[in-house]
Amino acid sequence: MSEIYNRAAPAPNVDNTQHAEHGTSYSRLKQEGLDTTHGAILYLENITVSFDGFKALNNLNLDISVGELRCIIGPNGAGKTTMMDVITGKTRPTSGTVFFGQTIDLTKMTEYAIAHTGIGRKFQRPTVFEQHTVFENLELAMKMDKRVRQTLFARLSSEEAGKIDEILKLIRLNGQERRPAGLLSHGQKQWLEIGMLLMQEPQLLLLDEPVAGMSDAETARTAELLNELRGKHSIMVVEHDMGFVTEIAQQGKVTVLHEGSVLAEGTMEQVQSDERVIEVYLGR
């Protein structure tokens, strides 16, 4: 392992990890309690997940840099969804560790606690509150103490309203804020769910096949959206649409998983020309 894996002892929980100013170029993305002094926000080390003898993940090693947009590709059964399940606490690894920043060991935390550390996950199917308006969906998702804000109808501050307006423009739903979410197109629901995640101010976004079922126009607009988010959030995108991956990967890294391990990693051009990737996934 490279030197970025030399960490302090893991904190038992998020509350015990204290914020320190390190003067790095990543400070604008840093959340209190998250130490990213070595430039990486997520580390998976030697992760193995076994189900009745089958290894869904097999000694997987992966790290994501602060502000990076990383695309994860690979055939069905490669371990992509299991990897996200491990990061978010839905699945416990048989062995290995997952660190958020330098000191937060996600394998020792509950799903609920992980969601509150600054990790947001979007599943393939959009999950929005269809009976509520677009605006209300974003309001409900806003990062706030629900014990203090006990009702949806409490008055929004100008800062909160401004934040919602900003997100509405970003996700291409300004002008649709009073529309019930259930009446949105499939693509618009996907954008709304991304907006709901952004309202929670995540450090890391995990997006599972965000353009599945979208029209070509919606796919293109989603690529524009993710490119706008690049650098403002660290983003992991699992996707099968190679045209879409090419649009958002640019010169960033693409990781190819196969049989629970990293098969190849590099620019989109590099992985597309890798004979192993061509054989097991892309074809000729």
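At roughly what angle do the axes of helix 3 and helix 5 cross, and within what distance do they come? Before selecting them, note that this is a predicted model, in which local features need pLDDT of at least 70 and side-chain atom pairs count only at pLDDT 80 or more, while totals for chains, interfaces and linings use all residues. Residues are numbered from 1 along each chain as its sequence is written, and side-chain values use heavy atoms, with hydrogens and water left out.

Select residues 134-141, helix 3, together with residues 186-199, helix 5: their axes come within 8 Å and cross at roughly 30 degrees. Axes here are lines fitted to C-alpha atoms, for helices over the stretch in contact, with angles running from 0 to 180 degrees between N-to-C directions; helices (H or I, at least four residues) and strands (E, at least two) are DSSP runs numbered from the N terminus. Val134, Asn137, Leu138 and Ala141 of helix 3 meet Leu192, Gly195, Met196 and Met199 of helix 5, where contact means heavy atoms within 4.5 Å.

Stay on Leu192, which, leaving aside its neighbours within four places in sequence, is in contact with Val128, Val134, Asn137, Leu138, Ile171, Leu173, Ala181 and Leu184. Leu192 and Leu229 have the most contacts inside the largest nonpolar core, a set of 47 residues. Such a core consists of buried Ala, Val, Leu, Ile, Met, Phe, Trp, Tyr and Cys residues joined through side-chain atoms within 4.5 Å, buried being under 20% relative accessible area with a 1.4 Å probe and protein chains only. Helix 5 gives the largest share of this core, 7 residues. Apart from it lies another core, of 30 residues, among them Met83, Leu106, Leu204 and Val238.

Next, display the open sheet, whose 4 strands have the order 2-1-4-5 with antiparallel pairing; two strands pair if DSSP finds at least two bridges between them. Its edges are strand 2 (54-65) and strand 5 (104-105), each pairing on one side only. Strand 1 and strand 2 run antiparallel, joined by 8 bridges, and Ile47 has Leu60 of strand 2 as its bridge partner. Between these strands the hairpin has 2 residues, and in this hairpin Asp52 takes a positive phi near 50 degrees.

Notes:
Buried means under 20% relative accessible area, exposed over 50%, partly exposed in between (1.4 Å probe, protein chains only).
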